[in-house]
Amino acid sequence: VEAVHLIADGKAPRIPQPKEGATYEGIQKKENAEISWDQPAAALHNWIRGHDKVPGAWATIDGQAVTFYGSSLLDASVPAGQELAIKGASRPGLVTKNGLVVFGNDGKMVLVRNLQFEDGKMIPASKYFSAEETTTLELTEEEKKMAEDIR
């Protein structure tokens with residue numbers, strides 16, 4: 001009760017919090033989350049996972065910033081896939097049936113499951129080369145009636 005009265009009267013002591021030992025990190029900004037490719041695979045994985053979901057670790061692919069989500073270390077032989085040039089990477093990534101495989105400077109691999117483009121569209125990394133294909137949704141007569149009823 002006494003503390004509340006001191007605050008209400010404007011007489012409560014104000015002690016600034018010391019910066020030493022503080023653990024708060026400022027809000028990460030997207031421009032600071034670019035992936036530096038000259039690192040071992042474990043560091044790449046930690047960087048991608050550490051920035052998953054906000055702000056999202058990113059790299060430049062085909063002239064646009066692409067954000068990487070859902071990485072895991074891949075301890076297997078190099079899988080078959082289609083090569084994808086990534087700006088700054090010493091070795092192209094591989095688009096495989098499981099996702100995008102990227103390589104650390106130690107030759108080890110990281111598997112990235114999802115990619116998000118600058119326009120906000122997110123796709124499974126395994127579908128990178130088929131992302132341009134669009135499919136149209138065909139509704140049956142019953143589904144069209146249901147859609148009208150919902151509307």
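Three aromatic pairs turn up in this structure. One of them is edge-to-face, because the ring planes of tyrosine 128 and phenylalanine 129 stand at 90 degrees, with the ring centres 5.2 Å apart. Keep in mind that this is a predicted model.

**Aromatic rings**
- Phe117, Tyr128 and Phe129 are tied into a cluster by ring pairs.
- Tyrosine 128 is the buried partner of the edge-to-face pair: its relative accessible area is 11%, and the cut-off for buried is under 20%.
- Phenylalanine 129 comes out as partly exposed, at 37% relative accessibility.

**Charges over rings**
- Lysine 53 puts its charged end over the ring of tyrosine 69, at 4.3 Å from the ring centre.
- Over the face of phenylalanine 103 you'll find arginine 91, and here the distance to the ring centre is 3.7 Å.

- Helix α3 runs over residues 141-150.
- Glutamate 141 and lysine 144 join their side chains in a salt bridge, 3.7 Å from N to O.
- These two are three residues apart in the helix, so about one helical turn separates glutamate 141 from lysine 144.
- Glutamate 141 is exposed, with 61% relative accessible area, while lysine 144 is partly exposed at 42%.
- Lysine 145 and aspartate 149 make another salt bridge, at 3.2 Å from N to O.
- Lysine 145 and aspartate 149 are each exposed.

**The arginine 151 salt bridge**
- Arginine 151 pairs with glutamate 148 through their side chains, with 2.8 Å from N to O.
- The arginine is exposed: its relative accessible area is 75%, and the cut-off for exposed is over 50%.

Methods. Residues are numbered from 1 along each chain as its sequence is written. This is a predicted model: local features need pLDDT of at least 70, side-chain atom pairs count only at pLDDT 80 or more; totals for chains, interfaces and linings use all residues. Side-chain values use heavy atoms; hydrogens and water are left out. A salt bridge is a side-chain nitrogen of Lys or Arg within 4 Å of a carboxyl oxygen of Asp or Glu. Helices (H or I, at least four residues) and strands (E, at least two) are DSSP runs, numbered from the N terminus. Buried means under 20% relative accessible area, exposed over 50%, partly exposed in between (1.4 Å probe, protein chains only). Rings of Phe, Tyr and Trp (its six-membered ring) pair if their centres lie within 6.5 Å; planes under 30 degrees apart count as stacked, over 60 as edge-to-face and the rest as tilted. A charge sits over a ring if NZ of Lys or CZ of Arg is within 6 Å of the ring centre and within 35 degrees of the ring normal.
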